[in-house]
Amino acid sequence: MSALGNYHSLEPFRDLFKTGIPILAYHKVDRRPSGVRLKGLYVSPKRFTTQMDELHDAGFFSVGLHELAYGGDGRNLVAISFDDGCRNVLRNAVEPLRRNGFRAIQFIVADLIGGLNEWDIRDGEVPEPLMTESEIREWLAAGHEIGSHSLRHLRLTRLSVRDAREEISTSKKKLEDMFGIPINHFCYPYGDWNEGIRNLVTEAGYVTASTLNHGVNTAATDPYSIHRIMVRHPTRSLKALKERFFS
Ligand SMILES: [Zn+2]
């Protein structure tokens with residue numbers, strides 16, 4: 001556990017990043033629309049480009065989450081992840097990733113492909129389009145990966161075992177059937193998980209599961225509670241973010 005907060009630029013994180021593999025957790029890469037509640041989840045395309053260029057210039061290489069499961073000494077390695085499958089990531093992140101030779105993973109909400117961020121809208125958030133099936137194919141064709149972010153983006157620890165299992169295992173099968181590739185990586189919606197949920201994820205046959213627990217990853221990290229480092233636009237609504245993710 002590190003006292004460092006959310007990621008904006010490499011400098012404060014250099015020492016931490018030498019101790020294990022960091023996974024950056026992004027959500028939206030776009031200019032922020034007006035009326036947004038969780039402002040910090042929007043990273044501007046300009047800032048994203050700067051962050052990717054900076055990692056590249058510092059000699060970082062990107063790795064996939066399957067490589068974390070096998071450990072590694074973590075030096076100059078980074079994984080890049082995006083939660084929710086927003087269309088703006090396809091539009092604004094692919095070019096800066098390509099230019100720096102980085103590969104990334106998007107966690108897809110399987111029942112909302114081509115739809116909107118319904119789980120956010122219920123909380124009063126502005127609508128954000130999610131990638132369609134063909135847009136996800138574009139993302140894959142650009143050399144990137146996808147993982148499952150459940151069926152509907154619910155808080156899994158609040159569901160019955162039966163419903164949680166459905167969210168975890170049916171989303172895997174649905175994505176595999178749709179795209180014809182193995183789906184090996186799960187990401188807990190809201191970073192909400194416990195031992196019971198973790199067991200359902202292993203039972204479903206995933207190789208890793210990502211949390212929003214802060215920190216880097218080493219060979220000793222449990223592959224079903226992988227640490228990530230939130231990237232966010234500087235904002236004063238830290239309290240809102242904490243309530244959302246850690247309550
Ligand atoms: Zn999410």
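Let me begin with L151, which, leaving aside residues up to four places away in sequence, touches A110, D111, E166, E167, T170 and S171. Please keep in mind throughout that this is a predicted model. L151 sits in the loop that runs between β7, residues 145-148, and α7, residues 161-179. Is L151 buried or exposed? L151 counts as buried, because 20 C-beta neighbours lie inside 10 Å of it.

Helix α8 covers residues 195-203, and within it I197, L200 and V201 are buried. These three cover an arc of only 100° around the axis, and therefore they lie on the same side of α8. An α-helix has 3.6 residues a turn, so residues three or four places apart point the same way. The exposed residues E195, G196 and E203 are carried on the face of α8 turned away from its buried side.

What covers the buried residues of α8? The cover includes α7, together with β8, residues 185-187, and β9, residues 208-214.

Taking α7 in particular, its axis and that of α8 come within 9 Å and cross at roughly 45°, which means that α7 is oblique to α8. The crossing is right-handed, and the contact is made by V161, A164, R165 and I168 of α7 with G196, I197, L200 and V201 of α8. Sorted by class, that contact has 6 nonpolar, 1 polar and 1 charged residues.

Finally, α8 is followed by G205, whose phi is positive, near 95°.

Technical notes: Residues numbered from 1 in each chain as written. Predicted model: local features only at pLDDT ≥ 70, side-chain atom pairs only at ≥ 80, totals over all residues. Helix = DSSP H or I, 4+ residues; strand = E, 2+ residues; numbered from the N terminus. Buried ≥ 20, exposed ≤ 12 C-beta atoms within 10 Å, placed from the backbone. Contact = placed C-beta atoms within 7 Å. Arc of directions from axis to C-beta. Axes fitted to C-alpha atoms, helices over the stretch in contact; angles between N-to-C directions. Parallel < 35°, antiparallel > 145°, perpendicular 65-115°, else oblique. Left-handed = near helix turned anticlockwise from the far one by under 90°. Nonpolar A, V, L, I, M, F, W, Y, C, P; charged D, E, K, R; others polar.
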